Amino acid sequence: MSETDNHEDKIWNLIDQFVDMANSSCEDGLSPGDVHQALMYASARWGAFIVAANSETRDEFREDIKDSQKFFLDQFREYLKDNFNEYDENFKIYRREED
């Protein structure tokens, strides 16, 4: 296994852990909407942290905010589009329902 494959496996394992935690949170009484809000907020918070951690100064951080927000929003939009397309193609399998 190449280093790239191992890295991708680690990312997918982390994604699966997040989804498992989200599912457990729903089983513990939170609504899927509440869990979604928490995941989005956590992602936004982590994104701001990444930009701040990579900035030498507060001014540099402020200069990077707009471009970083655009990058994160574009990336999320692409992930959202990909996942909606996947669910559309596999709706019967994922939901175990008929059209």
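Trainee: Which way does α2 cross α3, right-handed or left-handed?

Mentor: The crossing of α2 past α3 is right-handed. Keep in mind that this is a predicted model.

Trainee: Which residues make that contact?

Mentor: From α2 they are Met40, Gly47, Ala48, Val51 and Ala52. From α3 they are Phe61, Asp64, Ser68, Phe72 and Phe76.

Trainee: How do those divide into nonpolar, polar and charged?

Mentor: The contact of α2 with α3 has 7 nonpolar residues, 2 polar and 1 charged.

Trainee: Why is α2 called oblique to α3 and not antiparallel?

Mentor: Roughly antiparallel needs an angle over 145 degrees. The angle here is about 140 degrees, so α2 counts as oblique to α3.

Trainee: Back to Val51. Is it buried or exposed?

Mentor: Val51, in helix α2, has a relative accessible area of 12%. The cut-off for buried is under 20%, so Val51 is buried.

Trainee: Which residues does Val51 touch, leaving out those up to four places away in sequence?

Mentor: Val51 touches Phe61, Asp64, Ser68 and Phe72.

Trainee: Switching to α1. What span should it have, and what does the model give?

Mentor: Helix α1 runs over residues 3-27, which is 25 residues. At 1.5 Å a residue it should span 36 Å, and its end C-alpha atoms are 36 Å apart, so the two agree.

Trainee: What follows α1?

Mentor: Gly29 follows α1, and its phi is positive, near 115 degrees.

Trainee: How do α1 and α2 cross?

Mentor: Their axes come within 9 Å and cross at roughly 140 degrees. That makes α1 oblique to α2. The crossing of α1 past α2 is right-handed.

Trainee: Which residues are in that contact?

Mentor: Ala22, Ser25 and Cys26 come from α1, and Pro32, Val35 and Leu39 from α2. By class, the contact of α1 with α2 has 5 nonpolar residues, 1 polar and no charged ones.

Trainee: Two more residues. Is Thr4 buried or exposed?

Mentor: Thr4 sits in helix α1. Its relative accessible area is 52%, and exposed means over 50%, so Thr4 is exposed.

Trainee: How far is Thr4 from Asn54?

Mentor: Thr4 and Asn54 are 23 Å apart, C-alpha to C-alpha, and 50 residues apart in sequence.

Trainee: Last one, Asp82. Where is it, and how accessible?

Mentor: Asp82 is in helix α3. With a relative accessible area of 40%, Asp82 is partly exposed. Its C-alpha atom is separated by 24 Å from that of Ser31, which is 51 residues away along the chain.

Methods. Residues numbered from 1 in each chain as written. Predicted model: local features only at pLDDT ≥ 70, side-chain atom pairs only at ≥ 80, totals over all residues. Heavy atoms only, no water. Helix = DSSP H or I, 4+ residues; strand = E, 2+ residues; numbered from the N terminus. Expected span 1.5 Å × (residues − 1). Axes fitted to C-alpha atoms, helices over the stretch in contact; angles between N-to-C directions. Parallel < 35°, antiparallel > 145°, perpendicular 65-115°, else oblique. Left-handed = near helix turned anticlockwise from the far one by under 90°. Contact = heavy atoms within 4.5 Å. Nonpolar A, V, L, I, M, F, W, Y, C, P; charged D, E, K, R; others polar. Buried < 20%, exposed > 50% of the residue type's maximum accessible area, 1.4 Å probe, protein only.
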